[in-house]
Each structure stands twice: as C-alpha cells, then as structure tokens.
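Try each task yourself before reading its solution.

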Amino acid sequence: MTMIVVYNPSSGSSRPLAELKELFSSNGVSVERFVTVDDDLSDFIKQNKTIAVIGGDGTISSIAEKVRDTKAVLVPLPGGTLNHFTKDLGVPQDLEAAIKALSKKKVRSIDVGTVNEKVFINNSSIGLYPSSLRERRRFEKAIGKWPALFVAGIRTFVRLPGYAITIGEESFRTPFVFIGNNEYKLDELGAASRKRVDEGVLSVFIAKRASRLSMLKIAFMALVGRAHLLNDFELRKTTNLTIKTSNARPSVSRDGEVHHMDSPLRYECKPASLRILG
C-alpha cells in the first residue's frame with residue numbers, strides 16, 4: 001500500500017515528521033511523500049493517488065473539499081482536537097492503531113454535504129453556534145478554552161441572535177439551524193453520532209423560539225457540539241434545502257470553522273461523491 005500523507009505541523013497535537021515516518025514504515029505502509037496541509041495537492045489528485053490526512057475535522061474537511069468528485073481516495077486519520085468524522089467512520093482514535101488497521105480497509109464511496117458548493121463532512125449551522133464559536137475564539141488564547149466557552153455562552157445569551165429565514169415556502173425566526181451530513185442520532189450517553197454516511201440525506205434541526213434560559217442552554221450545548229440534540233427542535237430530513245436570511249452575508253459554520261457566506265444558503269447532499277479507504 002502506497003500513499004501520500006498530509007499532516008498539519010502547526011497543530012497542537014501534531015507529531016514530529018520523523019515519528020510519523022516511523023509509524024507508517026513500521027506498519028507496512030509505503031509513503032510516497034509527506035506534505036503539509038497547505039501544500040498543493042492538485043497533481044496528486046489528478047493522478048488518482050491515495051491521500052491520507054492526519055488531522056481533526058476541519059483539516060480532513062479541507063482536503064475532502066479538494067478530493068470529492070475525483071477518483072483519488074481519501075484516508076482519514078485522527079490527529080486533531082475534534083475527530084467526530086473518524087469516530088463516526090469507526091476509525092481507531094489512536095493514530096498507530098488507525099494506521100495498522102488500514103490493511104483491512106476497502107475503498108468505498110460516501111456522501112458529503114455542501115452549502116453554496118462548499119463541502120462539509122459532518123455538519124453546518126447558522127445562528128447560535130457560529131456566534132458562540134466566534135466569541136469563544138476571541139477569548140480562548142487569553143483565558144483558556146473552558147473559561148472562554150463560559151464567557152462566549154454568556155455574551156451570546158445577552159445578545160441572543162435571531163435570524164429571519166425562509167426554508168422552501170415557510171418563513172420564521174429562529175436562533176439556530178443545524179444541517180447534518182446524513183442522519184444524526186443520540187446514544188445512551190448523550191453523544192451525537194451517525195450510523196451511516198451513505199444514505200444520501202441531510203438531517204435538519206431547527207430551534208423553536210424559546211425563553212432566554214432555553215437559549216442559554218442551547219448556546220452552551222452548541223459550544224460542546226450537542227445543541228442539535230435538545231428537545232426544543234423540529235427535525236426534518238431532506239436531500240436539499242435553501243435558507244434565505246435577512247443578513248446578506250450570515251456567519252455559517254462548516255465542520256467547526258466559521259465563514260461569512262452569501263445568502264441564500266443552498267444546501268445539498270452529494271451522494272457517493274467522496275471515495276475513502278475505510
């Protein structure tokens with residue numbers, strides 16, 4: 001087995017290149033080249049290479065954006081702060097164990113979601129989560145992750161953003177819309193996960209307008225990745241939807257990264273558009 005390996009040397013959880021070389025070599029995986037996440041992959045993709053990515057959801061999502069709708073094969077490996085995608089795929093969360101397991105994996109095709117043609121492998125949202133995440137990142141370096149999470153929740157609670165949106169023919173105001181790539185469910189421990197990533201659907205959770213106390217709870221749950229699991233939501237499944245907002249360029253999260261995007265937001269499920277080894 002031969003592959004290209006993409007890694008993020010600036011990640012807080014990154015391993016030295018020499019250690020990565022040893023991990024792959026000792027587990028029988030031949031690496032043609034190690035490249036950083038910022039390097040140009042276009043030639044490797046055109047050659048239909050197998051491209052392993054060591055990183056969290058954001059890093060893997062950024063490479064999936066480049067690989068989808070090609071014959072290149074993506075190999076997602078855990079290596080970031082958030083690894084929901086690899087967990088949902090059943091990839092061992094220890095990097096060495098994940099590399100060792102590659103010899104038993106087969107190439108298969110899975111779905112991705114898109115918003116205005118930009119890929120997300122896990123989920124996208126508008127409203128409370130992007131607002132809370134932006135606030136958290138303003139304070140995280142100065143006071144740390146968990147204190148910043150608390151401050152972000154309080155500031156979002158005080159401002160309580162609401163969005164005028166239209167989905168299909170229906171218009172309403174809501175503080176939060178979550179769009180998942182395939183169907184998300186809650187397990188007995190309260191964690192969100194997917195059984196499959198190849199059903200060709202989007203799951204859409206829409207927060208009903210509620211009290212400030214409920215919105216504070218949603219803000220905190222959003223920051224730990226579970227806001228879509230609260231009871232104050234309507235759930236829909238679809239293959240595509242368009243969301244119009246009163247804001248011409250709303251903040252939109254994609255796999256934990258926040259971007260400003262032009263309204264209307266056009267969401268689609270792209271079935272079997274990403275080839276993975278897994």
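## Exercise 1: An aromatic pair

Tyrosine 267 is buried, with a relative accessible area of 1%. Please keep in mind that this is a predicted model.

**Task.** Find which ring pairs with tyrosine 267, and describe the geometry of the pair.

**Solution.** 
- Step 1. Start with the search of the whole structure, which finds four aromatic pairs.
- Step 2. In one of them, tyrosine 267 partners phenylalanine 120, with 6.0 Å centre to centre and 70° between the planes.
- Step 3. Planes over 60 degrees apart count as edge-to-face, and the pair of phenylalanine 120 and tyrosine 267 is edge-to-face.
- Step 4. Now place the partners: phenylalanine 120 lies in strand S6 (residues 118-120) and tyrosine 267 in strand S18 (residues 265-277), 147 residues apart, so the pair links distant parts of the chain.
- Step 5. Check the cover: phenylalanine 120 has a relative accessible area of 0% and is buried.

## Exercise 2: A ring cluster

**Task.** Work out how phenylalanine 178 and tyrosine 184 are arranged, and which rings are linked into a cluster.

**Solution.** 
- Step 1. Phenylalanine 178 and tyrosine 184 pair edge-to-face, at 5.5 Å centre to centre and 90° between the planes.
- Step 2. Buried means under 20% relative accessible area; phenylalanine 178, at 4%, is therefore buried, and tyrosine 184, at 8%, is buried as well.
- Step 3. Ring pairs join Phe178, Tyr184 and Phe205 into a cluster.

## Exercise 3: Strand S8 and its neighbours

**Task.** Sort the side chains of strand S8 (residues 163-167) by face, then trace the strands that pair with S8.

**Solution.** 
- Step 1. Strand S9 (residues 170-174) runs antiparallel to S8, joined by five bridges. Here alanine 164 stands opposite arginine 173.
- Step 2. Look at the turn: the hairpin of S8 and S9 has two residues between the strands, and glycine 168 takes a positive phi near 65°.
- Step 3. S8 also pairs with strand S15 (residues 240-245), in the antiparallel sense over three bridges. In this pairing, threonine 166 stands opposite lysine 244.

## Exercise 4: The whole protein

**Task.** How many helices and strands does the protein have, and what share of its residues is buried?

**Solution.** 
- Step 1. The protein has eight helices and 18 strands.
- Step 2. Of its 278 residues, 49% are buried.
- Step 3. Among contacts with a separation of 6 or more, 70% come from residues 24 or more positions apart.

Technical notes:
Residues are numbered from 1 along each chain as its sequence is written. This is a predicted model: local features need pLDDT of at least 70, side-chain atom pairs count only at pLDDT 80 or more; totals for chains, interfaces and linings use all residues. Side-chain values use heavy atoms; hydrogens and water are left out. Helices (H or I, at least four residues) and strands (E, at least two) are DSSP runs, numbered from the N terminus. Buried means under 20% relative accessible area, exposed over 50%, partly exposed in between (1.4 Å probe, protein chains only). Contact means heavy atoms within 4.5 Å. Two strands pair if DSSP finds at least two bridges between them. Rings of Phe, Tyr and Trp (its six-membered ring) pair if their centres lie within 6.5 Å; planes under 30 degrees apart count as stacked, over 60 as edge-to-face and the rest as tilted.
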